[in-house]
Amino acid sequence: MASMLASTRNPFSWFREPPYPGSRTLVFRRYLEPYARRTPTVPRFIRSCQPSDKVGGGDGGGGGISASAKRYHFGKELLSFASDNFLPLALVTGVGLGFANPTLGCLADKYSLSKFSTCGIFIISGLTLRTEAIGAAVKGWPLGIFGLASILLLTPSFSRLVMLVQLQPQELVTGLGIFCCMPTTLSSGVALTHLAGGNSALALAVTVASNLLGILTIPFWVSRYIAGGVGVSFPTDQLFKSLIVTLLVPLIIGKVIRESFKGFANFVDNNRTLFSRMNAICLSLVPWIQVSRSRSLLLSVEPKVFLAAIGIGILLHLSLLAFNALSIRILSGLSGDYNSKNSKGNGTAVLLVASQKTLPVMVAVVEQLRGAFGEPGLLVLPCVAAHLNQIMIDSILVNVWLRKSNASSTDVKTA
């Protein structure tokens, strides 16, 4: 009774001492013990200050995925797709820009941006060209000689089959026939070989040699297969000098820079992906400019006829791929090293380079013909589509090869 009265008189007196010694609770110790003796406590429950952004109402089961996580995952997948397919996307973007706004492409053509982009590609090729790769190119001379023979002597005969097709206007077929007589592409074959992990030095050697020697063979094949034996004059000296300035000089400049600055050479080797994408961007400038120049002609041609010409160009490139692939397999089988790493690298380089035809040289030849075989724009138009198609098809092949190579290397590491 007395204790009750005491607590009534002073209701806070029971905070001073616990009712029983040694029975202090956590709350009492927080108030009665000195600060230095207090120990941190961990709360048993954590409450969210903001509502959850889960989608689907997952209540502890783990089935819900937040909207921000979905956006992050989608962006990551999109970037991965763009990285894996950088070259095809760059080419498609160039074509789309050419159709959407031809003014910029025509302005770029006026200032010869395509020549600068081609020079840039070969400067980059010289920067990334290792000395040991040149030795590998020398060792791959048998396939290199076949590549030259295929480009300069064998594949021009495909123009006979092309000329059998009847289309109106006939210039569309004639242009593709002339296209067959051209040497290999100035840049895309080398760029694709580099991306595929093939022998880039061998691809460079075949590219430079075929374009320089092609100046001598083009007049003969065009006169024989296209003009029906009628002599056609070509500015051989002018084309030769142009190719020297566009191909050989930039390649030498890039190689000299690489050998002169070892630190820069290491930087290039450590950032080969960056330089490969720069190569792809330079390559995409060519179709952008060509589509911009030919946009009005493209819109003037009947769609069915133009689609037929595109189909002929696709069949032509697939035929070249099949012919060269079979020939390379036979030659590699005869040498007995088909499955070796060097043989595969050499075969990849020759297959890509020998199966493509160059558009810029074809345009230069058509311009020098001065309308002898028809409207120059209609002659060039199907070749622009064929040029784009061959790069797109080969870039898809390269992506497939890279994925298979990455998958096999992953399997080996796992095993």
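A crossing of two helices is left-handed if the near helix is turned anticlockwise from the far one by less than a right angle, and right-handed if clockwise. The structure examined here is a predicted model, in which local features need pLDDT of at least 70 and side-chain atom pairs count only at pLDDT 80 or more, while totals for chains, interfaces and linings use all residues. Residues are numbered from 1 along each chain as its sequence is written, and side-chain values use heavy atoms, with hydrogens and water left out.

The protein chain contains 19 helices and two strands; helices (H or I, at least four residues) and strands (E, at least two) are DSSP runs numbered from the N terminus. Of its 415 residues, 43% are buried, a term for under 20% relative accessible area, with exposed meaning over 50% and partly exposed in between (1.4 Å probe, protein chains only). Among contacts (heavy atoms within 4.5 Å) with a separation of 6 or more, 83% join residues 24 or more positions apart.

Two packed helices are described by the angle between their axes and the distance between the axes. Axes are lines fitted to C-alpha atoms, for helices over the stretch in contact, and angles run from 0 to 180 degrees between N-to-C directions. Angles under 35 degrees count as roughly parallel, over 145 as roughly antiparallel, 65 to 115 as roughly perpendicular and the rest as oblique.

The axes of helix H5 (residues 102-110) and H15 come within 8 Å and cross at roughly 110 degrees; H5 and H15 are therefore roughly perpendicular. Their crossing is left-handed. On the H5 side the contact involves Pro-102, Leu-104, Gly-105, Cys-106, Ala-108 and Asp-109, and on the H15 side Trp-288, Ile-289, Ser-292, Arg-293 and Arg-295. These residues comprise six nonpolar, two polar and three charged, where Ala, Val, Leu, Ile, Met, Phe, Trp, Tyr, Cys and Pro count as nonpolar, Asp, Glu, Lys and Arg as charged, and the others, Gly among them, as polar.

Helix H6 (residues 113-128) also packs against H15 (residues 272-300), with axes that come within 9 Å and cross at roughly 160 degrees. H6 and H15 are therefore roughly antiparallel, and H6 passes H15 in a left-handed crossing. Residues of this contact include Ile-121 and Ile-124 of H6 and Phe-275 and Met-278 of H15. The contact divides into twelve nonpolar, five polar and one charged residue.

Thr-348 lies in helix H17 (residues 341-354). Its relative accessibility is 17%, so Thr-348 counts as buried.
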